[in-house]
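Student: I have not looked at this one before. Can you walk me through it?

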Amino acid sequence: MKSLTIRNLSKTYFDVHAGTNVTAVHDISLEVPAGEFVSVVGPSGCGKTTLLNMIAGFLPHTGGEILVGGKPVKGPGPDRGVVFQSFALFPWRTVLDNVAFGPKMRGVGRAEREKIAHEYLALAKLSEAAGRYPNELSGGMQQRVGVVRALANEPDVLLMDEPFASVDAQTRMTLQEELTRIWEQKRPTVIFITHDVPEAVFLGNRVVALSKGRVLEEIAVDLPRPRVWDDLNEDDRFKALSGRVLQLVRSA
Amino acid sequence: MSKCCNTAREVILDHGELASRPRLSDAAAAAVLHPERPARRFLPEEEVMRHRLSSALWFCAPFAVLLVLWAVLIPAFEVNPRLFPNLESVVQAGLDGIKDGTLIRHIGASLMRVTVGTLLALVFAIPLGIAMGVSPAVSSFLTPPFRFFSVLAGIAWIPVASLWFGYGFGAITFVIFNAVFFIVTYNTLLGVSTIPMQVRHAAASLGAGKWAMLTEVLLPGALPNIVTGIRTGLGFAWRGLIAAEMIATNVGLGYMLFVARDFYKTEVIVLGMIVIGVLWLLLDRLLLAPIERATSERWGLVQRA
Amino acid sequence: MTTLFLQAWSHYLRLTTRWPSIGTLVPFVPLVVAWWVVTELQVFPRAFLPGPAEVVRSFVSLVYTGVLPEYLQDSMVRLAVGSFWGIVLGIPLGILVGLSQRAHKALWPVLLFFQAIGDIAWLPILVIWFGYGLTTMTVVIVYTVIFPVVLNTVLGVRSIPITLHRAALSLGASRTRMLWEVVLPGALPNIMTGLRNGLGYGWRALIATEIIVGTSGIGFLMFDARRAGSVVEILLGMIILGILWYIVDSWILAPIERATGQRWGLVTK
């Protein structure tokens, strides 16, 4: 796992539909040490997805720099794994093959990469689903596959783009707890984008509140781990932190 | 963009393709009747085989009835053989045609032209379709011309083809090429452009290079549309083949039919019609439909359309 | 340079959202230009590939002499008559086969087989029976149109959720009311698709028949031109065919299909 540094990042582009220049991200700087879980939260249109897409390399940035482990990034690559809101699993490959995809791209042999895939599926408690196709699984299970698929490739940084937004509320809570459990075992560097404030506080070591393409404030979350919803729902500090972040986001 | 593509896909849908859809509605009906049971059931191997065997038998049953009716009614009403042949004479004509090789030659010529024309068309259509489909701007710009040319598929090209290539193999293969090329290119374009961007991003973020992207993402993602396109295109190609053979050559099933008309040899005509029907039925249901089912339904992509 | 291009593209995109027809027509411009260039450069002999100017001239003269309008009318009338019968016979048949399991089992394979034979293969025997006239052509068109209509109607009928049937029954609908209130509206989007496909096939069948055995009509125009060795009219005929069908399909049929299916939120494909 490596650190992620963002310095004076900005994104301005020409919107063909509007016919004008649009600035989605203004001068954002962020330091994420290796192994830290950072939640980025903000209302729709605040630029958080654009930020993630730039870090991932799907969008070029027009100003500033992005460094992973001290080295600048160029385009998408296996050093920055991504978990998508729509799961983005390959429907024509089994669950096992989906998880083995990254290693396959690296040239790992079949036996070896299937072993890796099985390991990670076991981590997500999905071993029985290995031979199934994505459309046969529920949304929650599909996203778990999405998470371990990205992890199985052992990226330096894990980027998660509102991964639980397409899943029902109960499953979401389970997935959040699963994610913290997996994170504590593997300790990847994570950038987690969401519009759900309690989720951001629940998951992160730090919450970055974004609005209109700018950072409003960074708030440290010093709640102990492991974090479980039943406990935190009653915890005063959790409620205070959530309340503060919510206020920030809503007032901007 | 999706609005244009959805309706465009409807234009391209072939009635043959829809004929396989009842399976989807059975599943849908089952899901409605038993909401707790998942819509897809995984049956053991032998049950699947027995199911297939019994549905094959049920499929043939109405034809057995028709054959019996034919054998009985024609002689009973003393129908003029110049108007409609009786079953025996058709069978006899078939046997004769096989014995002296003419039937085989005609079938061979027709199949050869279809195969060559189709393969040639696919070699150009699929790469072109993928190249065009990758960029949303290019695919939406090029969609209207391709739709336009898809309309002219097959038969409308016959007069031009016969003037440009003269009689025979070239002209007919050209007609078939056209029938398949435009439709497959268009469907490939559609298929690639409807692969969700996030899936392509996912592959990129997992380290897929250009070649891997093509073989692991674009081709499989577009495959259901490509197969539908091939099936539709072949339907037009087959019809175009028969029509072209009627006026532009001297061997082949279409020719066989047309020439027999001059001599009022209705048994040859009916034989030819049955052969054409059986060939297409075999090709479509035993080859194309299973491929289509295997790709789209297995991968749950049918719902995408 | 790229900004200029982006600006132009942006203007184009916004124009097409306001007037979608522009999006349909503009892509043909480079095509026509390329055609013109290829003929000017005489890449192929002029006799083989005439240029746009000649085709337009031929169009004007054929319209002037009244030949084209007459042929067009002939073709359209035949298509209309054949399609009418195809639809009138096809929809009830489709509903019957869709609703009755027994009819489905008995007729479905037969339908598939006869559809596989295809319209063109019937031409020789139809010519023996009815000669070279209107009847042969009408029969071919009816034959061609009826299959997509029936098959799609069957699909539409069978994809109506059973809960709708039950709801109607529990609200006191009789079998006949059911047909009118549930089956027809429920199957309507698919019926429209079938109509659209059927007309598409019927159109092609018409041209094929006119090419092979016709005495007038656009297909015959092309057939006759072929006999005279004149590529110009053939190209003209093809372009007219393409445009006509494009117009009918995109501006008449597709909107109707969208209006029924999408308005009722029922698009079952």
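This is a predicted model: local features need pLDDT of at least 70, side-chain atom pairs count only at pLDDT 80 or more; totals for chains, interfaces and linings use all residues.

Student: Fine. Chain A first: how many helices and strands are there in chain A?

Tutor: Chain A has nine helices and ten strands.

Student: And what box do its C-alpha atoms fill?

Tutor: Along the principal axes, the C-alpha atoms of chain A take up a box of roughly 50 × 45 × 35 Å. The radius of gyration of chain A is 18 Å, which agrees with the value near 18 Å for a compact globule of 252 residues.

Student: How much of chain A is buried?

Tutor: Of the 252 residues in chain A, 46% are buried. As for its contacts, take those between residues at least 6 apart in sequence: 72% of them join residues at least 24 apart.

Student: New topic. How many residues of chain A are in contact with chain C?

Tutor: Four residues of chain A, which meet six residues of chain C. On the chain A side, two are nonpolar, two are polar and none is charged.

Student: What about chain C with chain B, how many residues there?

Tutor: There, 58 residues of chain C contact 56 residues of chain B. Several helices of chain C give two or more residues to that side, including helix 3 (28-40), helix 8 (134-158), helix 10 (175-213) and helix 12 (231-263).

Student: Which classes of residue make up the chain C side that touches chain B?

Tutor: By class, that side of chain C has 39 nonpolar, eleven polar and eight charged residues.

Student: Now inside chain B. At what angle do helix 5 and helix 6 of chain B pack?

Tutor: Helix 5 (residues 87-99) and helix 6 (residues 102-133) of chain B pack at about 80°, and their axes are 4 Å apart. The two helices of chain B are therefore roughly perpendicular to each other.

Student: Which residues meet there?

Tutor: From helix 5 of chain B, G94(B), G97(B) and I98(B); from helix 6 of chain B, T102(B), L103(B) and I104(B). That contact has three nonpolar, three polar and no charged residues.

Definitions and conventions
Residues are numbered from 1 along each chain as its sequence is written. Chains are lettered from A and ligands numbered from 1 in the order in which they are written. Two residues are in contact if their C-beta atoms, placed from the backbone, lie within 7 Å. Ala, Val, Leu, Ile, Met, Phe, Trp, Tyr, Cys and Pro count as nonpolar, Asp, Glu, Lys and Arg as charged, and the others, Gly among them, as polar. Axes are lines fitted to C-alpha atoms, for helices over the stretch in contact, and angles run from 0 to 180 degrees between N-to-C directions. Angles under 35 degrees count as roughly parallel, over 145 as roughly antiparallel, 65 to 115 as roughly perpendicular and the rest as oblique. The radius of gyration is taken over C-alpha atoms; the globule rule is 2.2 Å times the number of residues to the power 0.38. A residue is buried if 20 or more other C-beta atoms lie within 10 Å of its own, exposed if 12 or fewer, and partly exposed in between; C-beta atoms are placed from the backbone.
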